[in-house]
Amino acid sequence: MSRHSSLHSIQPVVYCDRHIHCNRNLRILLHHDLQSVTWKHERTHLSLIGRAQLLVQRQETKSLISQFRTYYEFTKPKIWYLLVFTSLSATFVATRVLSIAFSPLGWIVAASAIAAGCAGCNALTNYHDRDVDAVMLRTRHRPLPSGRLAPRAALTFALGLVIVSLILSGLLNLFSLLWMGLGILDNVGVYSLLLKRRSPFNILLGGFSGGLPVLFGWSAVTPGLVGNLPLAPIPILMAGLVFVWIPVHIWFLAVSNRSDYSRAGIPMLPVVVGSATALRLIILFSLIMVPFSLALYLLGYLGPIYGAVALVGGLANLAGSLWVLYKPTEKNAWRMFKVSSPYLFLLFIAIIVDVALRY
């Protein structure tokens, strides 16, 4: 055998040894790489799971906040804010005028009762009016017509608020319970269920519920199981302020949204008699509002601070009403609707300041 052939014969063996050695190294290298890839994959997988869990937690938190906001919106807070303020203003005035100490617990119970009562009434009327709200452009985005809230859940929530308000009112005294019950009956029963879709004078008879929170706030302070009927002219005049103010406020809204109410078949006064006649009636109630608001000052119950605010505010409100009659556009009526809320708020602020300095 030649040397070349012998060398040739042993080369495959050498080659195979190297191949085996290389394969072993490759397998080791591949094993380490696979472990590295697997570990990285596991870490990535765990990281994704953690991020997903965090995302779910954030979505759940966001969902809870969103639900809270939906239920809160369902109560129409812009309405009950003002009514609660007028009620607690009467509570403060009563503590000063009657010289009665009212405990912090009493304040909490009274505030919770009137807030739950007003919010519950708004929620019940929203539930009842969900069909017409879906037709009107102004209200179609509310929680019920927009589908953000189920009717059954909405009704349960509304009834729960009303029940809580009645229980808390009963804890104060029987007269507080009476005013709360009458307010719910008038707002939900008389205004929403009976008159809103039938009579153009719905807001007049339904407006009594707007003044009853004042009587509730006054009687909440009076001691005893029964409490006292607020015979003093102060709470009656304060409640009357709200009652006279309501038609002015709501009819401006109805004038600015006359076509909307007409489309939904709601016989608000401007829809039935026309905007011009409705504006004349608004001016009439604005005229009544001036001496009515001044009565607390003229009868000597409040001082010059309140008297000045009542006079200037009343004349400004009357001037604004005349301006809308002179330029009867929906935009101007809407402006006066927005202005009329601060007007009532300023009157009650003036009452608080005057009583704080006077008594």
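Biologist: Is I349 buried, partly exposed or exposed?
Modeller: I349 is found in helix α14. Buried needs a relative accessible area under 20%, and exposed needs over 50%. I349 has 30% relative accessibility, so I349 counts as partly exposed.

Biologist: Is N317 buried or exposed?
Modeller: N317 has its place in helix α13 (residues 304-326). Not counting residues up to four places away in sequence, N317 touches V248, S286, M336 and Y343. Its relative accessible area is 6%, so N317 is buried.

Biologist: What separates the C-alpha atoms of L172 and P223?
Modeller: L172 is found in helix α5 (residues 151-172). Its relative accessible area is 15%, so L172 is buried. Beyond its neighbours within four places in sequence, L172 is in contact with residues including F102, V109, F216 and G224. L172 and P223 are 51 residues apart along the chain, yet their C-alpha atoms are separated by 8.4 Å.

Biologist: Over which residues does pLDDT stay under 50?
Modeller: The mean pLDDT of the protein chain is 86, and 82% of its residues reach 70 or more. Where pLDDT is low, the predicted coordinates should not be read in detail. One stretch has 1 contact beyond four places in sequence, and its pLDDT stays under 50: residues 1-22.

Key
Residues numbered from 1 in each chain as written. Predicted model: local features only at pLDDT ≥ 70, side-chain atom pairs only at ≥ 80, totals over all residues. Heavy atoms only, no water. pLDDT = per-residue confidence, 0-100. Contact = heavy atoms within 4.5 Å. Helix = DSSP H or I, 4+ residues; strand = E, 2+ residues; numbered from the N terminus. Buried < 20%, exposed > 50% of the residue type's maximum accessible area, 1.4 Å probe, protein only.
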